[in-house]
Amino acid sequence: MNYHIDTGLIIEKFKVDCECPLCEIKKIVEEQFLHEFLNDAVMEDNTRIKVGKLGFCSRHFDMLLSRQNKLSVALQTRTRIGVLQKQFGEVKSVKQALKYADEIEKANSTCIICDLTNESMVKYYKTIAQMYVREKNFFKMILSSKGFCTHHYAMLLKYSKSASFFAKDYVNLLSGVQNRGIERVDGDLKKFCDKHDYRNANEPLGDAETALPRIRTKLYGKKYD
């Protein structure tokens, strides 16, 4: 079949013992774009134009800034500032102030790395649905996973039509896996809470010890520095 992307990363991350294999995939995709924007991409005119128009969100800016190539970040930031300066002229009226406020707010909500990462992730959501149909044992990998964070679960459902005639079976599998994953983590969370009752002081925590960071991943996605 003609996949949207290489399926090797999907198979690799679905084998990982984690709360969301899509978070693991996103980290790899994101790292690839961070690498590009610290290296060759910075020299391309077309890329610099896009950076000027969209800029970086604070999270991705901090991630770029934490790496070695500070010059690349500085050059791209100057390009972005050149575009933003148009919004920082003298404000002569309330009407103009409101217009500038709206433009600045919109400018602060865009990020070229977010856009590129999201576009790439859509290809993964579609490909996973196709693999469910065409890869003989892939459904077993989904079934044995621990589910997904809420965002990536929603995205898998959103693009479930890529499973074509098997879309109904596919979403049924996804929902079953997700519900079991939520129930499992919630059970550990309950055990964690119960442990703080003095009557259970001697009870072993087991997996419940990591319940909070795992439910964090389930609700908000895995946090990466």
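In this predicted model, Ser 164 is partly exposed, its relative accessible area being 47%. Ser 164 belongs to the loop that runs between H9 and H10, and although Ser 164 is not a glycine, its phi is positive, at about 55 degrees. Phe 165 also lies in the loop between helix H9 (150-158) and helix H10 (167-195). With a relative accessible area of 81%, Phe 165 is classed as exposed, because the value is over 50%.

The packing of the helices was examined next. Two packed helices are described by the angle between their axes and by the distance between those axes. For H2 and helix H7 (residues 112-134), the angle is about 140 degrees and the axes are 10 Å apart. H2 is therefore oblique to H7, since an angle has to be over 145 degrees to count as roughly antiparallel. The crossing in which H2 passes H7 is right-handed. For H10 and helix H11 (residues 211-220), the angle is about 150 degrees, with the axes 9 Å apart, and these two helices are therefore roughly antiparallel to each other. H10 passes H11 in a crossing that is left-handed.

Within helix H2 (residues 21-37) is found His 35, a residue that is exposed, with a relative accessible area of 52%. Along the chain, His 35 and Leu 64 are 29 residues apart, while a separation of 8.6 Å is found between their C-alpha atoms.

Charged side chains were considered last, and the structure was found to hold 11 salt bridges. One of these joins Glu 12 to Lys 13, with 3.4 Å between the closest N and O atoms. The two partners fall into separate classes of accessibility: Glu 12 counts as partly exposed, at 45% relative accessibility, whereas Lys 13 counts as buried, at 11%.

Glu 19 takes part in a salt bridge with Arg 214, in which the distance from N to O is 3.5 Å. This pair links distant parts of the chain, since Glu 19 is in the loop between helix H1 (8-14) and H2 while Arg 214 is in helix H11, 195 residues apart. Both side chains come from residues that count as buried, with a relative accessibility of 7% for Glu 19 and of 15% for Arg 214, because each of these values is under 20%.

A salt bridge is also formed between Glu 19 and Lys 218, whose closest N and O atoms are 2.8 Å apart. As Glu 19 lies in the loop between H1 and H2 and Lys 218 in helix H11, the pair ties together parts of the chain that are 199 residues apart in sequence. Lys 218 counts as buried, its relative accessibility being 0%. Through salt bridges that share partners, Glu 19, Arg 184, Asp 188, Arg 214 and Lys 218 are joined into one network.

How values were computed
Residues numbered from 1 in each chain as written. Predicted model: local features only at pLDDT ≥ 70, side-chain atom pairs only at ≥ 80, totals over all residues. Heavy atoms only, no water. Helix = DSSP H or I, 4+ residues; strand = E, 2+ residues; numbered from the N terminus. Buried < 20%, exposed > 50% of the residue type's maximum accessible area, 1.4 Å probe, protein only. Axes fitted to C-alpha atoms, helices over the stretch in contact; angles between N-to-C directions. Parallel < 35°, antiparallel > 145°, perpendicular 65-115°, else oblique. Left-handed = near helix turned anticlockwise from the far one by under 90°. Salt bridge = Lys/Arg side-chain N within 4 Å of Asp/Glu carboxyl O.
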